[in-house]
Amino acid sequence: MSNFAKRLKKLRIKNKILQKDISTDLGVAQTTISNYEKGVRFPDEATLKTIASYFNVTIDYLLGYAPENDTFSTYKNQPILESNILTNPTTLTLLAQRYMNYLMEGKSEEARTLLVDAVNRGEDLKSIYINIFERTLVEIGTLWNSSRIDVFQEHYFTEATQMIMSQVNALRPRSESKDYAMISLSTGGELHNIGIRMVTDFMSMDGWKTYFLGSNVPSESLIKAADYYHADVIAISCTMSYHVNSVLSLIKTIHSSHLIKKPKIIVGGLAFNYDKLLWKRVQADGYACSASECVELANKLVK
Ligand code: B12
């Protein structure tokens, strides 16, 4: 059962409210509330906000990201990577610190040069993705969440990182080609797509032919793409829990399509990392929590 399902049920019982009362108050069918509590359906963003204000809790609390006893806390107790970087000064952590400082000062050209030089010196590309791009982005999320940086800084950091990621990726020698193809995308209106780009790049490094489609791909177009590119795997990313319904609907469309070659479906992203069994409920063939694990899983699934 998802954290959301557990928290909703707990809040309802704690407040001595019946499913039918919430259904009347919020104008939602009682079966929908019951399905939320069973974890077989997720509300969309607007309904999630309505439920949070109905119970007077934060969305983070409702989704299980804030501690059980702290309905209004947002990540107060989360460790800050910044300090980890300083106490563990290996080359990559120092690079991460410098990368972060450059982008905080608005110096994307310096940040780009720092990493291009590192790759040219022979630093492992996957390590740069994991220890610099991924770690600093998580750190940026923590800083933004605790209001220590502004939204414009988060946006600048993210955009610059995407640009730098594609530039350092372009420096790598062509990998030995495998005869497998993967289509990757972020589900529905999910704007978070750096994670799935990273997954896509790791698959390319492993020799797969990859086709990254971004977000908001209509399901009929995804089926056409799977046919056109002879996809062996479709990788779908979802960060926000309120987009999980759209993953399920995409997967149902793929299952009911007339594709001759049925691709294996792998899901991932924060929403799946928070609830390790969610991938089964959206009828995927597998889930991986990181880009490296996705490579392993994809190769296993197509054997
Ligand atoms: C950058 C960012 C944004 C950017 C995204 C830009 C872009 N082009 O991607 C922007 C500014 C658009 C954004 C918007 C929002 N964001 Co934001 N964002 C982030 C941030 C800082 C970094 C995300 C990231 O790139 N991480 C690095 C990548 C590499 O990690 P990853 O995505 O987890 O991917 C890894 C794995 O999960 C896995 N993986 C990912 N996808 C897939 C797919 C498959 C198939 C597989 C196998 C594996 C896999 O592999 C990857 C590599 O290991 C995070 C902080 C964080 N902790 O992640 C917040 C964060 C995700 N955002 C958050 C929020 C709340 C939002 C907004 C709702 C903010 C708002 N109030 O408007 C909106 C929602 C937008 C939407 N409709 O989707 C919250 C989510 C928390 C929650 N409660 O769910 C976070 C965690 C910030 C926080 N509170 O600390 N965000």
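This is a predicted model: local features need pLDDT of at least 70, side-chain atom pairs count only at pLDDT 80 or more; totals for chains, interfaces and linings use all residues.

Q: Which residues of β1 are buried on each side?
A: Buried means under 20% relative accessible area, exposed over 50%, partly exposed in between (1.4 Å probe, protein chains only). On one side of β1, Ala181, Ile183 and Leu185 are buried; on the other, Met182, Ser184 and Ser186 are. Residues are numbered from 1 along each chain as its sequence is written, and side-chain values use heavy atoms, without hydrogens and water.

Q: Which strands does β1 join?
A: Two strands pair if DSSP finds at least two bridges between them. Strands (E, at least two residues) and helices (H or I, at least four) are DSSP runs, numbered from the N terminus. Four bridges link β1 (residues 181–186) in parallel to β2 (residues 209–212). Ser184 has Phe212 as its bridge partner in β2.

Q: How is an aromatic pair described?
A: By the distance of the centres and the angle of the planes. Rings of Phe, Tyr and Trp (its six-membered ring) pair if their centres lie within 6.5 Å; planes under 30 degrees apart are stacked, over 60 edge-to-face, the rest tilted. The count here is ten aromatic pairs. Tyr129 and Phe202 are edge-to-face, 5.7 Å centre to centre with 65° between the planes. Tyr129 lies in α9 and Phe202 in α11, so the pair ties together parts 73 residues apart in sequence.
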